[in-house]
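Here are my notes for a colleague who has not looked at this entry before.

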Amino acid sequence: MSLIRQIWLLLLGTLLLALFAGVTIVVSSARDTLQTQLQLKNSDNATALAQVLTQQKGQREMMELAAAAQFDTGFYRSIRFIGADGKPMFQREATVRPQDAPTWFVALTPIESVPGVAQVSDGWRALGSIEVVSQSAFAHDELWHGALRAAEALGVVGVIAGLLAFLGVERIRRPLDHTVEQAASLQRGEYMTVAEPNVLELRRLTRAMNSMVERLRVVFEGQAAQVESLRRQASCDALTGLSNRGHFMAQLGAALNREDGHAAGGLILLRVHELAEVNRTLGREATDRMIRSIAQTLQVYIERAKGAFIGRLNGADFALALPQGGVAAETAKAIVELLRVALPAFGARVSVSAGAVETRHGQELAGAMTAVDFALAKAEGDEPFTVVSASTTDEGLVGGGEQGWREQVRAALNARRVRLATFPVVNAAGALLHLECPLRMQLAAGGPFENAARWLPLAQRSKLTCDVDERALILALDDIARDGQPRGINISPASLLDSSFAARLRTILSESPRSARHLWIEVDEIAAVEHFDIVRELARQLRPAGARFGLEHAGERLGRLERLFEAGLDYVKIDASVAHGVALDPQRAAFMKGLATMLHSLSLEVIAEGVSDAEDARTLWACGVDGITGPWVQAPESATPAS
Amino acid sequence: MLRASQVHGPAAVSGARALQAVLAGLVGQDESYKLTAINQFFNRRIVFAPDQEVWGQADYWASPLEMLGKGRGDCEDYVIGKYFSLLASGVPVTSLRLVYVRATIGGPGGEVLAHMVLAYYASPGAEPLILDNLIGEIRPASRRPDLDPAFSFNGDGLWQGVGAQSVGDPVARLSRWREVLAKARAEGF
């Protein structure tokens, strides 16, 4: 039974007891008073009557008449005259029942009418004694009314007391609810602090929980800092802070092959000419300054284009990956022009060349790198500050303008030309954790089912992502209901911005609660960074329905996600750019291990994405991840290099 | 009774002792002997004095021990003392009555005053014997032409059906008669 209910029962019991005791005391004291009054009245009336009878000179008729007159005009139950020899001479009796008081009340509160006795004589001759008993029926009525009045008054007092108690209990209940809510959120993995309540005991409890959360935060921040430094060591160039070669390649490979990547992109390779010579003439410090200046120029671009990333591939080579097709050459030219102005400050002989190529989703990493290398080689053959662009793009996008895309996506959704692909996620024992289910859409009737890279940008621009995600959720729930296999779907960051989205998802989940328990729902790490509160709210809405909630493509920003421990997540999928190639790179493995340890300390499951060979898988298990997914998991034979 | 008497001073103690000696001598005696003994005891031991003089009040009903303590008392104090002593000696309450009388002093046509005597009825309808402090001798009522009875009462029936009433009972304090009854009870009569 809840504490508040117990308090209520206790209060109610106390009030009823007080009411009962109050009425009982009032009635019993009133009864005592009435009884005493009756006794006095009996006694006085007996004496008065005896005096009257004594005046009758022993005439029996006169005495009887006087006694009868007294009886008839007064309120008596009986008047008896007992002779000196002990025999009754005459008597009058009447029984009157109480008019208002119920029988049970009369039986419960007997009022004894003590007879009053007085001696009657005629001169010296003793005639006998007169015994007078007053009527007590009126007393019972009086007592009954008194009891009712007392009950009424005490009832009113009781109601007032109840109201006061209600206010008091409410005063306790609100902070208690907050405290309980905090405890529940701790259990859900949302480590958050709340304001301390006014109630002393609760304040201590809340303070204890807050300080525990605070301590957890400190531990987490320590771990996060450690992980961040591991990440920097593993993936950053020491001089510029840009991604190193290995990390840039992993990022680019992941971007080209990711299910929900960008359909088209650009790749720019920039080289500083004769860096060794420059280093020799300018000196090491000036060279470093120059390198950093180039890095800063590039960084301006990635801040402008969301999803772009840069890396320093080796001493002289910088690479820039753009998330948009058709702008690579233009961007490269703009950068080179900026450098043409800026670099002479470091020395007349300092110059750069750049190659730019268009990339498309699904393209081989090696192919893209070869193309951009080729373009750069051509540019180097020319004079300094030349840009050569190779046009490798093929027009794959749907034509027809924005309206056309919108119609196509909408038509595909309406005609249910969508289905879920399945990619298994397994644990170390090889058991299936869930099937990752990205949505495939048949944009044109009868055409191929395309992955998100093709249609997600269209859906985003058409603001249809909510409908797409909703459809994916329904499909996943249907599939789970059919075969009982757990499935995972991802939510587009754009959908999060729709305020009704969480409620829509929850409604769908609540309609099939059994399947919902086998559903994993994930959002991109970037969404958690940019819209932390929305993601946390979504987790709060969906997790009670039984679904698990996690982040995908995570790793880069986890260390910087300070409130990760408040988010209330179940799992985190580590991006392929982090997980790929861990077997060959001890620093990256250390980062992976640190990341897994940190996430485990928050009770989160850790899953690595994009695992493409057995060595990586082995290293990842050693790093402590709970599950892996990727090409190697899907088809171990073909993905494992023949040995 | 002795312990209760200590409250009222040494005179009360010696009075109580003497009364107890008298009462002890009455065990097994017939009632007329008891009447004579008790009547003599109080008439000889107590000097008549008005309440105003003894108690400083216009009218005060003293308990037997209070009276013995003062050694003085007026008519109702005598009657009360005799009444309770006789009850204590075993005389039934039904045969005793306290009677308000109009006393004519100094023969017919003499001074008239309100007075109280104790009447003893050997049987319910019999002529009573009068125990009085004006005339020390016990005489039947017919031989007391100076007394004209007005009203009589006793303690009979007062405690009927009420069970053991304590001295502290508020009702007991409400009338002089009941107060004296309660006090006498507390004093061991």
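**Notes on the predicted model**

1. The contact between the chains draws 27 residues from chain B and 23 residues from chain A.

2. As for specific pairings, zero salt bridges are counted between chain B and chain A. Polar contacts between chain B and chain A join six residue pairs, with both residues at pLDDT 80 or more.

3. Three elements of chain B each give two or more residues to the side that touches chain A: strand 3 (96–105), strand 4 (111–120) and strand 7 (147–153). Strand 7 of chain B supplies the largest share, six residues. Sorted by class, the side of chain B that touches chain A holds 17 nonpolar, seven polar and three charged residues.

4. The largest nonpolar core has 89 residues. The members that touch the most other members are A:Met441, A:Trp455, A:Ile521, A:Leu558, A:Leu564, A:Leu599 and A:Ile628. Helix 13 (residues 465–483) of chain A gives this core its largest share, eight residues.

5. What does A:Ile521 touch, leaving aside residues up to four places away in sequence? Its partners are A:Leu473, A:Ile489, A:Ile491, A:Leu509, A:Leu542, A:Ala547, A:Arg548, A:Phe549, A:Gly550 and A:Tyr571.

6. Another core, of 51 residues, lies apart from the largest one; B:Leu23, B:Trp61, B:Cys75 and B:Leu86 are among its members.

7. Chain A in outline: 23 helices and 20 strands. Of the 643 residues in chain A, 50% are buried. Among the contacts in chain A with a separation of 6 or more, 69% are between residues 24 or more positions apart.

8. A:Arg149 and A:Val23 are 126 residues apart in sequence, and their C-alpha atoms are 9.1 Å apart in space.

Terms used. Residues numbered from 1 in each chain as written. Chains lettered and ligands numbered in written order. Predicted model: local features only at pLDDT ≥ 70, side-chain atom pairs only at ≥ 80, totals over all residues. Heavy atoms only, no water. Contact = heavy atoms within 4.5 Å. Salt bridge = Lys/Arg side-chain N within 4 Å of Asp/Glu carboxyl O. Polar contact = N/O pair within 3.5 Å; in protein donor to acceptor, adjacent residues only side chain to side chain. Helix = DSSP H or I, 4+ residues; strand = E, 2+ residues; numbered from the N terminus. Nonpolar A, V, L, I, M, F, W, Y, C, P; charged D, E, K, R; others polar. Core = buried A, V, L, I, M, F, W, Y, C linked by side-chain atoms within 4.5 Å. Buried < 20%, exposed > 50% of the residue type's maximum accessible area, 1.4 Å probe, protein only.
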